[in-house]
Amino acid sequence: MTDHTAPSGRATIARLEGVYKEYGPVRVLDLPELELFAGQVVGVVGENGAGKSTLMGTLSGAVHRDGGEITIDGTSLAPGSTEAAQRLGIAMVSQEFPLVGQLSVAENLLLGRRPDKARSSWFVDRRAQQAEAAAMLADIGLSAGRIGLDRDVRSLPVPTRQMIEIAKAWGRKPRLLILDEPTSSLGPVEAETVLGLARRLAERGGAVLFIGHRLDEVREVSDRVIVLRNGRLVADLSPREATEVRLIKEMVGGELEQGTPKAPPADAPVFLRLDGVTADGLGPVDLEVKEGEILGIAGLMGSGRSRLIHTIAGAQPATGGSMTLHGARHAPRSAQDGVNAGIALIPEDRKEQSLVLFASIASNVTVSILRTLSRFGMLVPRAQRTAGAKIARDVNVRMQSVDQPIGSLSGGNQQRAIFGRAFATNPRLLLLDEPTRGVDVGAKAEIYGLIDRAAAEGMTVIAASSELEELQLISHRVAVMNHGRVVAVLERNAATKEAIMTAAASTSLPAPTAPASEFTPLGEPA
Amino acid sequence: MTAAPNPTATPPSPATSLPSPPPAAASAPSGRANPSLLHRFAASPEAGVGVACVVVFAIIAFAAPTYATPGNLQVMGRDLSQLGILSVAEALVILTGGIDLSVGALAGLAGIIAATLNVNLHLPAVVAIVMTIVICALVGAWHGLTVTRLKVPPFVITLVTFTIAQGLSLAITSGTPVNGIDPTFSDISGYYVFGVPVPALFFIAVVLIAWFVLERTYAGRQIYAVGGNREAARLAGIPTRRRIFSMYVAASAISGLVGILVIGRMNVADPSVGPGWELTAIAAAVVGGMSLTGGEGRILGVAAGAILLELIANGLLALHVSPYFQQVVQGAVLGVAILLDRVRARYFGRGKG
C-alpha cells in the first residue's frame, strides 16, 4: 500500500498497526497499517465523519483508542494520554483552538509545560516565560510586540488566536505535527505561512499530518495524500495521482455531479441599497443588491466582510450613511430589528453563535418560529416536534430523530439545520458568513444547492466567504472588500481569482494594480 | 485589526521580531513598566473592591466613633479568620469552575469533631486538630473524586455533604454545645502578636500561601488553565483531574481549619454554627472578582472582597442599624459592587470576554 510513498531507507516516525476506535456499535476508525515517514507532509482528506479527527485524536492522545499499537520513533505510545504523546514529540493544532481565554498570550503559548530556560520546575519563571513566548511567536513570523504577550487571549480576534495555537504547537519542536484544518479561519497570507511551516518541519526531518477541506491546499503542501472514508484508509496517493476529481471520488465513494450552473437573476428591482454606510472598522460602503441575487463578499482577513454582514443585520450598529430595504428605510438598532425586517443571518461560528448543542434538533430549528408555533402564548410540544421534523426534512438533515441532540450531527448536517431554521421565517434577505466553514465536500454541494434554492425563491442572498472557489461557484456578483471598503464589484464571469486577489490585497486604496503575488498588507487595522 | 504574520519573514527578520534582538533579555522590563501604575490598578478587577474597602472604612469610621478603635479592629480581624479563610477555600474551588456548598457546614462539623475527639475520646488537642483536618481533607478527596471521575456536578455533591455535615453536627452532640475543650484551642485563637489576633494571622498566611501557589507556581497557573478551558488544558497535557482534585481537598482542609479556629474563639463547640457561611464566602469571592464559570479572578481580590464584607457587617453594628435591615443593606452593597464592576469592565474593555 505504501510502496510508492516509501522510498526504502527513509526513517519511519510514526507507525500505526491495527488501530481502531469504536463509539457504541460504530467503528469510526479502523487502520490495519499506516506509516508516517520522516520528511513527509501527509495530507489527510475525507468527509466529515470519515475518521480524520479520530485519527488525529488517537495520535495526539486526545482520543483513547480502543486497540492497536502506535509507535513513535520506535517507542510505543500509551493510549489516551496527551502527556505521553507530547513527551514523544507529537504536537497538534486543533480546529477548535484550545486556548484559555482568561490567560495571557505568553501563558497560553507555554500551556502545560515550562520554558526550556526556566530556573525552577515548580515556580513560574516569568522572565523565561516571556522570552520563550516571544521567541516562539517570532519563529513563525509574528511580532510579540504587536500581539502583546500580556494580553488575555480572549481579547484577540479569531485568526490571531489560530496563529497563537500554531505557534504553541510549533514551539514544542515536534517530531510529528498534526494540523487539523489549520487554515479554515485564516486569510490567504496567514494560510501561506502555515503551509510554509509544514514544509519547514518536513525539511528538518519531521513528519506532518495535514487535514484540510480545501483540496487545492492539501495537494499543494503534501508529499502524499491519504483518503479516509467511513474510518478506513481508502486511498494512499502521490501528489500527481491526487487530482481534485480523484480525491472527491475517493472521499464520497462514487461519482459526484459537478456544481450546478446557475440562472442569472432576472432583471429584478434593487432590494438592498447602502449609501455611505459606516460602522466601527467599516466603510463608507455603497452597495446595491437586487432581489433574488446572490452577492458574494470577498476580502482578506480583517477586511470587514463580517462587519458588513453584521451591520446590515443590525447586529453591529451603523455609525453613518443610510440603508434601504425594498425601498423602505432600514436603520436597525439591534439584530431583532433586522429579523423583524425579514433578514436572516447565518453567522460564522455554528457552535458559538447558532446552536445549543445539547438541545434537540427540534428545539434548535424551531427557535426562530416559536411565536408562530405557539397558541395563546403556549407551546405544544407535539406541534414543535412536527414543525421541527418538517424543517429538518425540508433541508435534508440526516438524523435518527428530531429528539437527538443537534451536537450529535455532523457539521454539514448542523449547517443545513441552521439553513432550515433561517428559511422557516421566510426571510427576504439571507446573510451568510462563511456558509461552509468546517463542512465536508459532499455537504458543501448540498449547501450550495440550498443557497441556489433561496435565490430562486426570490430571497436576496449576501454571502461572505474566505474561499474564493466558493464565491466563484455560488455568486452572481462578487464584491471585494479591502480595509473596510468595497473596492470592486465583479460580475460572475469577471470574478477570477487573480482579479479578486488583486483588489483584495492592493495597499493603495482604489488602485488595483499591484500584482497579486507581492502583497503583505495585513498588519494595519482594517 | 490583527497582527498578521508576514510571509516573507518566515526566518524572523528584524522588522517583525522583537524590539531588541536577543530574546532572552527582551521585553520583560520594557513590556511591563509601560502602562502607568494608576491605569494598571484601575484596569485590574480588584480595583473596585480595594477602593470600596477604603471608602467604606472611612465613612463608617467617621460616622461611628467606636468603629476604628483597636478593640473593634481586633474583632474584625478575628471575624476575618472565619469568613476570610472560608472565602479563600471557596475561591479555590470556584477557580476550577466548580462550587463548594459544604465549606460552612463542614467547618461547623470540624469544630464538633475536634471537640468530641478531645472531650469525649480524651485525645490531646494537637492530635484532635490533626485528625480533624485529615478527616476534612478526606471529605474533600471524596468531592474531588466524584467530580472528576464520576462527573457529578459539584453543586450536587457538595450539597449532599452540606446536608450530611449539618445533620451530623446535631446528631453527634444531640444539639447541645460541647463544653470543656482543651485550653490549647482557645490559646490558638486567643493570643495577639503585636496587637494582631492570631486568627487574623492565619487569615493572612492562608491568603499568602494561596496567592503564591496560584500565581507563582506552574501547578497554580495550570489551575487557571483548567478552570478557563478544561479541554484546552487537557490537550496541552495538564493533568486536569489532579488539579481539580487538589483544589477540593485544599478547600475542605481549610474549612476544617476554620472550624477549629471558631471553637477556640468561642471556647465551646456549638453545633448550630457554620451552615450559611458558604453563601457569604461565595459572595466574598464574587465581589473579589472571581468568575463563577472558573479560571478568572485572583486571591488578593477575594481577600479584599472578604474584608469589604466584614467592614460592612461590622460597620452596620457600629452604626446601630436595626438587625432586621442589616441583611438588606449587605445585599444592596453586594449588588452595587457587582454593578460597578461591570461598568469598570466595560470601560477597560474586558467585559465581553
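User: To start, what percentage of the 526 residues in chain A do buried residues make up?

Analyst: Buried residues come to 53% of the 526 in chain A; buried is taken as 20 or more other C-beta atoms within 10 Å of the residue's own, exposed as 12 or fewer, and partly exposed as in between, with C-beta atoms placed from the backbone. This is a predicted model, where local features need pLDDT of at least 70, side-chain atom pairs count only at pLDDT 80 or more, and totals for chains, interfaces and linings use all residues. Residues are numbered from 1 along each chain as its sequence is written, while chains are lettered from A and ligands numbered from 1 in the order in which they are written.

User: How many helices and strands in chain A?

Analyst: Chain A has 19 helices and 20 strands. Both are DSSP runs numbered from the N terminus, helices being H or I with at least four residues and strands E with at least two.

User: In what order do the strands of the open sheet run?

Analyst: The order of its 6 strands is β6-β7-β8-β3-β9-β10 in chain A, with mixed pairing; two strands pair if DSSP finds at least two bridges between them. At the edges sit β6 (90-93) and β10 (232-237) of chain A, each pairing on one side only.

User: And how do β6(A) and β7 of chain A pair?

Analyst: They run parallel, over 4 bridges, with β7 covering residues 176-180 of chain A. One bridge joins M92(A) to I178(A).

User: Which helix packs on that sheet?

Analyst: That's α1 (residues 52-60) of chain A, which touches β3, β6, β7, β8 and β9 of chain A. A contact has C-beta atoms, placed from the backbone, within 7 Å. The direction of α1 makes about 150 degrees with that of β7(A); axes are lines fitted to C-alpha atoms, for helices over the stretch in contact, and angles run from 0 to 180 degrees between N-to-C directions.

User: Switching to α7(A): which of its residues are buried?

Analyst: Among them are E190(A), T193(A), L197(A) and L201(A). Their cover includes β3, α6, β7, β8 and α8 of chain A. Just past the helix, G205(A) has a positive phi of about 95 degrees.

User: What about chain B's mean pLDDT?

Analyst: It's 85, with 87% of chain B's residues at 70 or more; pLDDT is the predictor's confidence in each residue, from 0 to 100. Residues 1-33 of chain B are below 50.

Definitions and conventions:
Two residues are in contact if their C-beta atoms, placed from the backbone, lie within 7 Å.
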